[in-house]
Amino acid sequence: MSGPERKPDIDTLVRELIDRRSLSTEGYAALIRERSPETACILRAEADRLKERIYGRDVYVRGLIELSNICKNDCLYCGIRRSNASVERYRLSIEEILLSCDTGYELGFRTFVLQGGEDGFFDDDVLCGLIGRIKEKHPDCAVTLSMGERSRESYEKLFKAGTDRYLLRHESADPLHYRKLHPPEMSFENRMECLRILKATGYQTGCGFMVGSPFQTEKELSEDLKFIESFKPDMCGIGPFIPHKATPFAGEKPGSVELTLFLISILRIIHPEMLIPSTTALGTLSPAGREEGIRAGANVVMPNLSPKAVRKKYELYDNKICTGEESAECRGCLERRMESIGHRIVTDRGDIKKR
Ligand code: SF4
């Protein structure tokens, strides 16, 4: 934390970030390393001012439907990685997914996020058919996919079928760090290439990373921030790393809520229009974590619309919250939480507002 002799430097960095929406990699690393409650307060106020100007007090809501916890990959941090034999695997039927969308529509959701492991069942034909049926039933809704790395042809087909947005967390903008979080068969270069293809195809594109993942220091985080500066995603999701008991990272420390909130404010300042979710991981580590995320500069929440019977099985990390409630309860709970901090959940597709 900041000593008296460092203060002027940090003040200069804060000013520079607010004025130029950019810092050098070293500048970000110093800002993170030397942060103090005062610095966090200044950045939060600026993030709030920018968000208010673009989005007012509105919070966009996304209905998250977890299609399948079957995954061919083996990411070291993930509770549903293929080598975790203790997971009870499931895959929703097309009818169950459509029913979840119908329930969500009744509750005021106008975006559905279809998320899942890299499950070969959901090939292009299956997904295109599904998206077509969702769009036919709910033409005023946006569909977001979060189904991992696919080919250029696949992304193009899914876009033509009506998908509006795609989320693919980059996890780390530092190739060495990325390799420490993933098995050797996964490639940093391919992950970044997928993100570039998604953007070029025309999707509203989202990336993101965990805060406090193993081997991460200020250096890696500052590279993530430089990547956000240059890539300019439409969405960026960050949440504290939370270890899962059946992964190689079981014994690692969880990430910091305080640092996650600090980074949310910086993200809002770097790219004021960006859609930033206040993630379930924040709410898992801190009872008012999602409210704090919104106060720090986030403007999206993503309650779960998956059938209650499967929610506990989609456990990416330990003790994930909101696995026992009905969709309506989740929506009502979040509405009250947002109202308690002077925000309101709106019935809206919630597209990015570009200047
Ligand atoms: S993080 Fe995603 S791709 Fe990796 S193992 Fe988990 S579900 Fe599969």
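**View 1. Helices α5 and α6 meet side by side.** The axes of helix α5 (residues 124–137) and helix α6 (residues 152–160) come within 9 Å and cross at roughly 20°; axes are lines fitted to C-alpha atoms, for helices over the stretch in contact, with angles from 0 to 180 degrees between N-to-C directions. That angle makes α5 roughly parallel to α6 (angles under 35 degrees count as such). Helices are DSSP runs of H or I with at least four residues, strands are E runs of at least two, and both are numbered from the N terminus. From α5, the contact draws on D124, L127, C128 and I131, and from α6 on S154, K157 and L158 (C-beta atoms, placed from the backbone, within 7 Å).

This is a predicted model: local features need pLDDT of at least 70 and side-chain atom pairs count only at pLDDT 80 or more, while totals for chains, interfaces and linings use all residues. Residues are numbered from 1 along each chain as its sequence is written.

**View 2. Here is the shell around the ligand.** Surrounding the ligand are C71, N73, C75, C78, I80, R81, G117, E118 and G148 (C-beta atom, placed from the backbone, within 6 Å).

**View 3. Three strands form an open sheet.** Their order is β8-β1-β9, with parallel pairing (at least two DSSP bridges between two strands). β8 (300–301) and β9 (344–346) stand at the edges with a single partner strand each, so one side of each lacks a neighbour in the sheet. Strand β1 (residues 58–61) is joined to β9 by three bridges, and Y60 stands opposite V346 in β9.

**View 4. Helix α14 lies across the sheet strands β1, β8 and β9.** Helix α14 covers residues 327–339 and runs at about 130° to β9.

Note on methods. Parallel < 35°, antiparallel > 145°, perpendicular 65-115°, else oblique. Contact = placed C-beta atoms within 7 Å.
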